[in-house]
Amino acid sequence: MKLYNIKENDEQVSFGQAVRQGLGRNQGLFFPSQLPQFDDVDALLDEDFIARSTKILSALIGDELASEQVNAMVDAAFQFPAPIKQVKQGVYALELFHGPTLAFKDFGGRFMAQSLAAVSNGGKITILTATSGDTGAAVAHAFYGMEDINVVILYPKGKISPLQEKLFCTLGKNIHTVAIDGDFDACQALVKQAFDDAALREEIGLNSANSINISRLMAQICYYFEAAAQLTKQQRENLVVSVPSGNFGNLTAGLLAKAMGLPIKRFIAATNVNDTVPRYLETGQWDPKPTVATTSNAMDVSQPNNWPRIEELCQIKGWGLDTLGKGAVTDQQSAEAVQELHQLGYLCEPHGAIAYRVLGEQLAEGETGLFLCTAHPAKFKEVVDDILSSDIDLPAPLAKHAAMELLSEDLANDFEALKQVLRKVQK
């Protein structure tokens, strides 16, 4: 498979190069030159999750990796299910939190680790990534203990949930966590600065595990097919999918699945009050505002990195951006949605509840609705307990890390200080 740099189209790379580099020149995102098409989607959906995902990812990667190797990578990465649960008549939740860190990022993080191991040419690698919560845990656990790979994770100090922080900031060994004095966009900007420093990039073998890395997005395509496989043919032909959106990698993956033949009628981009994209779809003006802290903090992103990929895909496919549904939800409204779901017998946290809320506002009669639940409710225990006046139990992975000591270091929002940290971890 060849991929090109969206910003500088003359830069074309292989899958292996894209995985190793993360970003192209001028911070450009890589995008597939061609997307495979599955004509007999029904037959594909009849296969099991691993076999189907192997076919999807093999078709994307091409002959660069043998299908047997891709199958082994998928089998190692996707060791947990992605079930759908009916919430009420015609509305389903896609649960993406059954992996080791209880969040959807486990799919992409673990497949990226397998991909990087498969295409690495030896030598030390430094993974640098920014997180608003779930990416950090998924990446840390996916790469924990891997030889010759150091991981540095930046996160906004005091702006992720305490349990999220404990899940990835207590590991040690090759996992280094840094609390930045700033918001997620500041963390993301530092990552971009590092990639713009060619000498530093070469010196420490820099790579990124954010959803800017194409291998993570490719893995996420697979669970959209898995969700559709659990619905009837009639349901999936009238399917509307609502995606809680922060950095917009999840929605990008869903649109790629549609482009490859998955019959999804339409998508809805559901955000919190950090609503750059909904406002852009409404007005045509890209006008990011300062990031606001919310109870759905994994979506506290004002300048989503993956949006250029969505515009690129829509242009290629001739899809108007006005075909995307959109909606922004306040903390109060997301709390009301958590309460409504609980009354229906379904325990959810604010991110999934935001997707449910916007879906309910836009689902038409006769359509089947699916909303993505991207994290286990216990990862936001303080918020959920407060909304429901409850005391939800901690799953074993969270209970284990909750009792452990934080190993993070604090750092100013300063690139020179970050460079010192990156050089130190390589020694």
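Student: Let's start with helix H12. Which residues are buried in H12?
Tutor: Happy to begin there, keeping in mind that this is a predicted model. Helix H12 covers residues 249-259 and is mostly covered, with ten of its eleven residues buried. The buried ones are Gly249, Asn250, Leu251, Thr252, Ala253, Gly254, Leu255, Leu256, Ala257 and Ala259.

Student: What covers the buried residues of H12?
Tutor: Both helices and strands take part in the cover. The helices include H10 (214-229) and H14 (307-317). Among the strands are S3 (30-32), S10 (239-244), S11 (266-271) and S13 (368-373).

Student: Which residue just after H12 takes a positive phi?
Tutor: H12 ends at residue 259. Just after the helix, a phi of about 120° is found at Gly261.

Student: H14 is part of that cover. What do the buried residues of H14 pack against?
Tutor: On the H14 side, the buried residues are Trp307, Arg309, Ile310, Glu312, Leu313 and Cys314. They pack against strands S1 (2-5) and S3, and against the helices H10, H12 and H13 (276-283).

Student: Which residue with a positive phi follows H14?
Tutor: H14 spans residues 307-317. The phi of the residue that follows is near 75°, and that residue is Gly318.

Student: How many disulfides does a search of the whole structure find?
Tutor: Take two cysteines as examples. Cys187 is buried at 0% relative accessibility, and because its sulfur is 11 Å from the closest cysteine sulfur, in Cys169, it is too far for a bond. Cys373 is buried too, at 1% relative accessible area, and its sulfur lies 4.0 Å from that of Cys348, its closest, which is also too far against the 2.5 Å cut-off. For the whole structure, the search finds zero.

Student: What radius of gyration does the protein chain have, and what would a compact globule have?
Tutor: The chain has 19 helices and 14 strands, and its C-alpha trace spans about 60 × 50 × 45 Å along the principal axes. With 427 residues, a compact globule would come out near 22 Å. The chain agrees with that, at 20 Å.

Student: How much of the protein chain counts as buried?
Tutor: The chain exposes about 16000 Å², with carbon and sulfur atoms supplying 46% of it. Among contacts with a separation of 6 or more, 74% are between residues 24 or more positions apart. Of the 427 residues, the buried share is 61%.

Methods: Residues numbered from 1 in each chain as written. Predicted model: local features only at pLDDT ≥ 70, side-chain atom pairs only at ≥ 80, totals over all residues. Heavy atoms only, no water. Buried < 20%, exposed > 50% of the residue type's maximum accessible area, 1.4 Å probe, protein only. Helix = DSSP H or I, 4+ residues; strand = E, 2+ residues; numbered from the N terminus. Contact = heavy atoms within 4.5 Å. Rg over C-alpha atoms; globule rule 2.2 N^0.38 Å. Areas by Shrake-Rupley, 256 points an atom, 1.4 Å probe, with all protein chains shown as cover.
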